[in-house]
Amino acid sequence: MDEKQKVIVKWLENEVKGKKWNIYFESYEYKNLTIYGAGDLGKYLIWALHNTDISVNCVIDHRADEKRKFESYDVYTLDEFLESSIETDAIVVTTLDAYEDVLTTVTRNRTDLPVMFLRDMIYEL
Amino acid sequence: MIEMVRKKKGSNDLLLHDKKQSGELYQWKEKYKREYLPEYYNISKHQPLYKIFKHICQNMNIHICREERFVYFLDYIYLLDEVRGHQFGNLTPDYVSFIESGLDGLKITSGDSEYISNYNDTINSIEILINRIIKALKNSQTSNREKKIQWFEGMKTSGALHFEEAIQRILFVNQIIWQTDHRLVGLGAVDDYLGKFYENDVKIGYLNEDQAENILKDFLSSLHDYYWLKSNMLMGDTGQIIVLGRSDDNGEYLYNKLTLMIIRIIRELALPDPKALLRLNKNTPDEVFDAAIDCMASGVGSPLLSNDEAVIPRLLEFGIPKEDALHYTVSACWEPLIGGKSVSLNNMTTLNFMRPLENLFKRDKLSKIDSFDKLLARYEFYLEKNLRAVKRVIDGAIFQYDTVMSVFTKGCMEKDASQGGAEYFNAGITSVALGNVVDSLFNIKKYVFEEREYSLLDIKKMLILDFAEAGKLLEELRARKKKYGLDDEESIELTRTIMNMVSKYTTDYRTPYGGRLKFGLSAPTYIDAAVGSNASFDGRKAGEPYLVHISNDSAASYTQVLNFSAALDYCENRFNGNVVDLMTNPSFMADNKEKFKNLLVGAVNQGFFQLQANVVSSGILIDAMEHPENHSGLIVRVWGFSAYFSDLPDSYKKVLIERALKNEGKIVA
Amino acid sequence: MKGCTLHCPWCSNPENLKYHKEAYIKNGIKGIYGTFYEPELLVTELLKDKAYWNNGGGVTFSGGEALSHIDYLETVFKLLKKANINIAVETALYVNQESVIRSLEYIDYYMIDLKIIDKKKCKEILGGDSALYCSNLDFICNKVIHTNIVFRIPCAQLYTLEETNRRQLIKVLSQYKDIRIELFNLHDLGQSKYNSLNINYEFLRGNFEEETMMEFYEYLSEEGYNVKINKI
């Protein structure tokens, strides 16, 4: 199984066991999230947070120039996001290979902005 | 290749081990099976274990050595490695029942279930193997042929009569367990269960001390066969541990001539494996300490020491009955285990204490943390999440239906070991990086909350950017005396606090099989777990190894770290191995044996849990790295095992060299 | 203990020569040599190791010159004695006799250095009064059972084992033939400490030869002394 398949299998296991992403984020007292990654995992996370108390404000993706909307949310590049005044409780990175780079860039520019990694958190629900 | 893999001892051990670890050997074997052993290939893919085992017993290569005292062989081609789930390993099988009663005594004679049928079928398969060995013996020119035939005949129906015969039975059980790919197979309390055979044989004039010593030498040499095959992640990590000495109900120390003999032989053979763990208590006599220190001083990496004064009370508190607690053995490295009755897996995963602290910096709103207490509270928050992940790993473990393990584990009369048949089916985890976390927290306390020189956001930046913009702070952190391992109240208190946190979230947990979870502070993965890690605020750069077990390379004195270890609280479920790792120079130990003995006597009374000594000099290690051909016999202690220095990857060699240099004061710790 | 009444050229503990705290730099990091402990706190710290002091173990006071701190140490000694702890002292005996007298009540074991005997050389090289030393030595050896004393001789080629001094040492030793002797080699473990204090000094150069130490050892053995070599 590749990395993405493992995440999906774990996600399915979480669903079957009734573990919810919104409950997970509530434990951090985070209400508003920015999703990094306009792909499958980003989409599933957005769906999972629909109709919960956790809101998604926008999406970040390196292909923002090609796709300015994703699941009805505005899409920005990371640089655009960091230069903006968009407030968020945390960025959730859903892509599997970008976390360290995103973390480093965000740390340099908006140090107090938490950056969370879906691949790690999926085991903690 | 087939000759190479079937050789007991050879110069290709490291090469074969590398091929095994990379998967290359497995690919070759699969191809070989498909081509030359199609029936076995098909059976191994589609049949349950007890049927594959039968085929193995019917067909595996029998290897009888002309000159060797014992019959002991493995056949890599017929190694059962179609696991289809989590196989049992890191255990000590029940040697005693087979020694005392033979196969007949192991059969289940009442009851009627599919399990019982499969179980007895497994016993029949073992009998098939015995008969094949007898036939091969009859056709061989092996030394003491008739005696060996008698031994194997006796195995079918009755108990062993003599010392040498009992050892042959140990080896036979041992080879079956290895052959069915149960890894890290311990030997248990050899001096205890062989003691009566030895005494009896000497009494009737069947054996004398010298003969017994030679027999034991051959025993240990046989165990060292197939070193590459038995070695797990690294060469030397075979788990072949012999437990010596013990306490009785009154706190008296029990040992016998075999205890001292085995320690002596381990020193003389100067092999990294098998290894010994010596149990100690307040009444351990001088001659046992003397033998142990002589052995440790030789640099062979054995014995590891286990303090019954600390271990047994913890086992009792955990709910283990006294009789079993007094007879504890250990799994591969140091984790207390009830040998022969337990299929508890004591090393199911590793708790990385640094992960919650990393996550705190990455995921938390740091500006909200305005005190050290709040920081600790947030650390606990992330630790709990980490532990949830650990429990999920344990929850997800699947165990293979394993009648071989059931035959050699007491108690599996109604249910297979994988279904909870054994008396003990707990789960254990090791841990890593606690020392680095404690030191990091103390530094954060000083720089952020006391001196207010930096904010948590500043620290976050330094850690994520691997100290790139930290200026002289990295050197300052590296030069600061480390707190973990010091016997001051603050260090002990913080360490206990974190251990309490782990127990809080694990002590009530039950595995899917109703077992409990235990953890320990010993850290086998101090290098591997650090790969890909971020920097930490104890002055460790990203990816650099974590601290080794309970140690403090910057502390000058052994008493500090022993006192520290003794002051920690191993109650509830915290007894899954807690090893103090001491670095010492060969000449220091050799010149100060009496003082070292005093140190150990004192340490037993203080209450350390377990201890191992790495007796190395930096000069020799450095030379061995540059000229391995001059130091082919150099043995070092890695995590819970010994290995030839030349067999280790460079990353491990470098850690040992650095620790030796720090110990000798040649570099700043 | 920090502070010494001598300044031996071969000293490997330069950080213990002065009586006050000193700043140092090691590998670019600043630090301070010397920490003050209230006597009670010191004893609390020491007693952490009590469990290891079976078989005659205990606390050894060294330095510097431990006996030059008798005012402070007497309080510590009293507390240790209350806890039944064995006390040893490593001393060069270059202190006033009153300090020696006061120590007698508490010290169970004396490790006494023998260095330079000639009065003039002792003053020039060590900064000490050898007459005072000899008087103290005599006093101790008359008051203390000889099995509770060991003589320690640093084998400094150019000084202690220099021919004239060697003869003078032997003359002193001959008065106490039943006292054990330990010879010890010089070593360079102190070099990094000199560097940390920015003291440009290589104290080992030409000042130690194994052969000379062995010769002295063999001579003493043949003369019937109980002598051993303590290799550091």
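Colleague: Between which chains are the most contacts found, among the two pairs of chains that touch?

Modeller: The model is predicted. Two residues are taken to be in contact if their C-beta atoms, placed from the backbone, lie within 7 Å. Of the two pairs of chains that touch, chains A and B have the most contacts between them.

Colleague: How many residues does the contact take from chain A, and how many from chain B?

Modeller: Chain A contributes 11 residues and chain B contributes 15 residues. On the side of chain A that touches chain B, helix H5 (99-109) and strand S6 (115-117) each supply at least two residues. H5(A) gives the most to this side, namely three residues. Sorted by class, this side of chain A holds six nonpolar, three polar and two charged residues.

Colleague: What separates chain A and chain C?

Modeller: Chain A and chain C are joined by no contact, and their closest C-alpha atoms lie 28 Å apart.

Colleague: Let us turn to chains B and C. Which helices of chain B each supply at least two residues of the side that touches chain C?

Modeller: The contact between these chains takes 14 residues from chain B and 12 residues from chain C. The helices of chain B in question are H22 (473-479), H24 (558-567) and H26 (593-606). The largest share of this side comes from H26(B), with six residues.

Colleague: How is the size of an interface often given?

Modeller: It is often expressed as the accessible area lost when the parts come together.

Terms used:
Residues numbered from 1 in each chain as written. Chains lettered and ligands numbered in written order. Predicted model: local features only at pLDDT ≥ 70, side-chain atom pairs only at ≥ 80, totals over all residues. Helix = DSSP H or I, 4+ residues; strand = E, 2+ residues; numbered from the N terminus. Nonpolar A, V, L, I, M, F, W, Y, C, P; charged D, E, K, R; others polar.
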